[in-house]
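Please examine the sequence and the three-dimensional structure shown here. The paragraphs that follow lead from the contact between two chains to the fold of one chain and then to individual residues.

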Number of protein chains: 2
Amino acid sequence: MTAYEIIIKKRNGDHLRPDEINHFIQEYLHNRIPDYQMSAFLMAVYFQGMDEGETKALIDSFLQSGKKISLQDIPGIKVGKHSTGGVGDKVSIILASIVAAAGVPVPMISGRGLGHTGGTLDKLSSIPGFRIDLDELKFRTIISEVGTCLIGQTADLVPADRRIYALRDVTGTIESHPLIAASILSKKLAEGSNALVLDIKCGNGAFMQSLSDAENLARVLINNGKRSGLQTVAYITNMDHPIGRAIGNWLEIRECIDCLRGEEIEDLMHITHQLAGTMICLGGKSDTIDEGVAISRDMITSGKAWLKFRNIVQAQGGEIRIIEHPETYPHSEYTLDINAESSGWVKSIGAREVGLSLIQLGGGRKKTDDEIDPKAGIVLHKKPGDPVKKGEKLFTLYTDAKKSIQPVSSRIKSVIQIVAGECAAPKLIYKFLQ
Amino acid sequence: MTAYEIIIKKRNGDHLRPDEINHFIQEYLHNRIPDYQMSAFLMAVYFQGMDEGETKALIDSFLQSGKKISLQDIPGIKVGKHSTGGVGDKVSIILASIVAAAGVPVPMISGRGLGHTGGTLDKLSSIPGFRIDLDELKFRTIISEVGTCLIGQTADLVPADRRIYALRDVTGTIESHPLIAASILSKKLAEGSNALVLDIKCGNGAFMQSLSDAENLARVLINNGKRSGLQTVAYITNMDHPIGRAIGNWLEIRECIDCLRGEEIEDLMHITHQLAGTMICLGGKSDTIDEGVAISRDMITSGKAWLKFRNIVQAQGGEIRIIEHPETYPHSEYTLDINAESSGWVKSIGAREVGLSLIQLGGGRKKTDDEIDPKAGIVLHKKPGDPVKKGEKLFTLYTDAKKSIQPVSSRIKSVIQIVAGECAAPKLIYKFLQ
C-alpha cells in the first residue's frame with residue numbers, strides 16, 4: 001500500500017484501515033512520505049472526514065509517534081483541561097492553581113498563541129524566569145510536589161502532531177474535526193491525564209464559528225476520548241467577546257493574580273469556577289459539579305489557590321517578587337486611553353479584532369518566529385452589558401511600538417458596539433456535553 | 001493575498017479571481033510557494049472544482065509560464081490532436097502521417113506512458129535514432145518541410161504544467177476536470193495549433209470510467225478551448241478493450257507500419273480515419289467530416305501516408321532501413337503463446353490489465369525513471385466479437401524478463417472473457433461533441 005494509494009482511498013471517501021493510517025503517519029515521520037503528499041492527504045481528510053475507527057487509529061498513531069508520560073506513581077485521578085483557543089482566555093492559569101489546591105493533580109501541556117488567539121505559554125513566559133521548557137522528569141516531580149505543572153510540548157511528546165500541525169497551519173487544513181481531535185487527544189493522553197475537561201470556544205473570536213459546528217467537534221472529542229480511556233466532558237462557551245478585562249501577556253498574568261487574590265472579574269471567574277469545579281468532580285474530590293464549584297470558590301476565598309500559584313511560579317523558576325508586587329513590572333513606553341464618543345449600553349466587543357489589535361501592538365506573532373512584547377496589551381474598561389457615558393474610558397492601549405498606536409486606536413473604536421437601549425450581559429456557557 | 005488565503009478561499013468554494021490564480025501559479029514557479037501548499041490547493045480544486053472563468057485563468061497562467069511556439073509563417077490551419085490515454089493507442093502516429101499527407105500541418109507535442117497507458121513518445125523512441133527531443137526551431141522547420149513533427153514537451157514549453165503535473169501524479173489530483181483542461185489546452189495552445197481534435201477515452205482502460213464523466217470533461221475542454229481561440233471538437237471512444245492487436249512500443253510501431261502499408265486492422269483504422277477525417281475537415285481540406293474520412297482512406301490506399309511516415313522518420317533522425325524491414329528489429333529473448341482453454345466468443349479483453357501486464361513484461365514504467373524494453377509486448381490474436389476455438393492462440397507474450405512470464409501468463413488468462421453465445425464487436429465511438 002503506497003502513500004499514493006492511501007491518498008486516493010481517502011479522496012474517494014473509502015474507509016482506511018488502522019494499519020494504513022499508521023503506515024502513512026509513521027512513513028511521514030521517517031521522511032519517506034514528503035510534505036506534499038501529507039498535505040494532499042490532510043486536504044482529502046478535510047473534505048471526506050474520518051469515521052470513528054479512522055479517528056481512533058489516527059490518535060493511536062500520533063500517540064505512538066513519541067513518548068507517553070507516566071504519572072501512575074502520583075496518587076489520584078489526573079485531570080487535564082484544554083481550550084480550543086480564544087481572546088483573553090487566561091482560564092487555564094487560574095484553574096490549574098485552584099484545582100491543584102483542591103488536591104487534584106493537573107498535568108498541563110499548553111500551547112503558544114495561534115492566529116488571533118493568545119496562548120497560555122506566552123502568558124506564563126511574561127513572568128521573569130518562568131521556565132516552560134522543562135523535561136519529563138522535572139514535569140513529573142513538580143506535579144508530584146506542587147500538584148500541577150504548566151509546560152510546552154517536549155521534543156519527544158507526540159512529534160507526529162507537532163510536525164503535522166505545522167503543516168496544517170499553512171495548508172488550510174486546521175478546521176477538520178478528526179484532525180483537531182487527534183491533535184488534542186493524543187497530547188492529553190501523552191501528558192498522562194486520566195480525565196479531561198474541554199472548553200470548546202464558539203463565536204467570532206474562536207476557530208468554531210457556529211454552535212452546531214462546536215457541538216459536532218465536542219461529540220467527536222468526547223467519543224474518541226472515552227474510546228481511548230480518557231473520561232472526557234466538554235463545555236461550549238461564548239467567544240464572541242474577549243474573556244475578562246485584560247488582553248496581552250503580562251496584563252493577563254496580572255489579571256490572574258488579581259483574581260487569585262479574590263477580585264471577582266465576573267465572566268472570567270464564572271467560566272473558571274465552572275471548569276475547575278468540573279475538574280474537581282472528575283478528580284473525585286466532589287460528588288457533583290456544583291459541589292466542585294463550591295470547592296473552587298473556597299480555594300479562592302481561603303487564599304489556597306493564591307498560595308498554590310506562588311508555589312507553581314517558584315517551582316518553575318519564576319520571580320516570586322514580581323508576582324507579589326506586579327506593579328513593579330516594567331511599563332510600556334506608550335499608553336493611550338480610548339474614550340466613548342456616545343452614551344448607551346455596550347452590546348458587543350469583537351473578540352477577533354481585539355486579538356488582531358494585540359498583535360499590531362506587539363503582543364502577538366504575525367510569523368511563527370516573531371518576538372513578543374509581553375507588556376503590550378489592551379485593557380477593557382467596559383464589558384458587554386455595561387452602561388457607558390460619553391467621555392468614559394473604554395480601552396487603554398499599552399505598547400512600545402509608537403507607530404501602531406494610531407492604526408490600533410482607530411481599529412479598536414469600531415470593535416465596540418454601543419447601542420441606545422439597555423443590553424443584558426451575554427450568555428457565557430452555551431452547553432455542557434458528556 | 002497570501003498562498004494560505006488562496007487555498008482557504010478555494011477550499012471554502014469561493015470564486016478565485018484571475019489575478020489570484022495567476023499569482024498562485026507564478027509564485028509557485030518562482031519557488032515562493034512550496035510544493036505542500038500547491039498540493040493542498042490542487043486537492044481543494046479536486047473537491048470544489050473551478051468555474052469557467054477560473055479554468056480560463058488557469059489555462060492563461062499556464063500558457064504565460066513559458067514560450068508559445070509561433071507557426072504563423074507556416075501556411076494553413078494547424079490542427080492538433082490529443083488523446084486522454086489508453087492501451088494500444090497508436091492512433092496519433094498513423095494519423096499524423098495521414099493528415100500531413102492530406103496537406104494539413106500537424107504540430108504534435110506528445111507525452112510518455114502514464115500509469116497503465118502507453119505514450120506516443122515511448123513508441124516513437126523504439127525506432128533506432130528517432131529524436132523526440134528537438135528544439136523549437138527544428139520543430140518548426142520539420143513541420144514546414146514535412147507537414148508534421150512529433151516531439152516531447154521542451155523545457156520552456158508550459159513549465160507550469162510540467163511541474164504541476166508531476167505533483168498531481170503523486171498526490172491523487174490527476175482526475176480533476178479543470179486541471180486536466182488546463183494541462184491539455186495550455187500545451188495545445190503553446191504548440192501552435194489553431195484547431196484541436198480530442199479523443200476522450202472512456203472505460204476500464206481509461207482515466208475516465210463513465211460516459212457522463214467523459215462527456216463532462218469533453219464539455220469543459222471544448223468550452224475552454226473555444227474561449228482561448230482554439231477550435232475544439234471531441235470524440236468519446238471506447239477504452240474497455242485495447243486498440244488494435246499490438247501492445248508494446250516497437251510492436252505498436254510495427255502495427256502502424258502495417259496499417260500505413262494498407263493492412264486493415266478494423267478497430268484501430270476505424271478510429272484513426274474518423275479522427276484524421278475530422279482534422280482534415282477542420283484544416284479546411286474538406287467540407288464535411290465524411291469527405292475528410294474519404295480523403296484519409298485515400299491517403300492510405302495511395303501510399304501517400306506511408307511515404308509521409310518515412311519522411312517523418314527520416315527528418316527526425318530515425319533509421320529508415322528498420323522501418324522498411326521491420327522484421328530485422330531485434331527479437332525478445334522469450335516468446336510465449338497463450339491458447340484458448342475453451343471455445344466460444346470473445347466478449348471482452350480488459351484493457352487496464354493488459355496495460356499492467358505490459359509493464360510487468362518490461363514494456364512500461366513502474367517508477368518515472370525506469371528503463372523501458374521497447375521489444376516487450378503482447379499481441380492479441382483475438383479481439384472482442386471474434387469466435388474462438390479451444391486450443392487457438394489468444395495472446396503471444398514477448399519479453400526479456402524471464403521471471404515475468406509465469407505471472408503474466410496467469411494474469412493474462414483472466415483478462416479475456418470467452419462466452420458461449422455469439423457477441424457483437426463492441427461500439428468504438430460513443431459520441432461526437434463540438
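**From the interface to single residues**

The side chains of B:Glu175 and A:Arg11 form a salt bridge, with 2.8 Å from N to O; the term denotes a side-chain nitrogen of Lys or Arg within 4 Å of a carboxyl oxygen of Asp or Glu. Between chain B and chain A the count of salt bridges is two. The model is a predicted one, in which local features need pLDDT of at least 70, side-chain atom pairs count only at pLDDT 80 or more, and totals for chains, interfaces and linings use all residues. Residues are numbered from 1 along each chain as its sequence is written, chains are lettered from A and ligands numbered from 1 in the order in which they are written, and side-chain values use heavy atoms, with hydrogens and water left out.

Across the same interface, 11 residue pairs are in polar contact, both residues being at pLDDT 80 or more. A polar contact is a pair of N or O atoms within 3.5 Å; within protein, one must be able to donate a hydrogen and the other to accept it, and residues adjacent in sequence count only if both atoms are side-chain atoms. On the side of chain B that touches chain A, α1 (3-11), α3 (35-48) and α8 (159-171) each supply at least two residues. The largest share, 10 residues, comes from α3(B). Helices (H or I, at least four residues) and strands (E, at least two) are DSSP runs, numbered from the N terminus.

How much area do chain B and chain A bury between them? The size of an interface is often given as the accessible area lost when the parts come together. Here the value is about 1800 Å², with 66% of it on carbon and sulfur atoms; buried area is the accessible area (1.4 Å probe) that two parts lose on being put together, summed over both. B:Arg11, B:Tyr36 and B:Phe47 supply 34% of the area that chain B buries against chain A, more than any other three residues. In terms of contact (heavy atoms within 4.5 Å), 22 residues of chain B meet 22 residues of chain A.

Chain A itself contains 17 helices and 13 strands. Its radius of gyration, 22 Å, is close to the 22 Å that the globule rule gives for 434 residues, so chain A is as compact as a globular protein of that length. That radius is taken over C-alpha atoms, and the globule rule is 2.2 Å times the number of residues to the power 0.38. Of the 434 residues in chain A, 58% are buried, where buried means under 20% relative accessible area, exposed over 50%, and partly exposed in between (1.4 Å probe, protein chains only).

Individual residues complete the picture. A:Asp298, in helix α13 (residues 289-301) of chain A, counts as partly exposed because its relative accessibility is 38%. The C-alpha atoms of A:Asp298 and A:Ile98, 200 residues apart along the chain, are separated by 9.1 Å.

Most residues other than glycine have a negative phi. A:Val158, however, has a positive phi near 45°. A:Val158 lies in the loop between β3 (148-151) and α8 (159-171) of chain A, and is buried at 0% relative accessibility. In chain B, B:Val158 has a positive phi of about 45° and is buried, with a relative accessible area of 1%.
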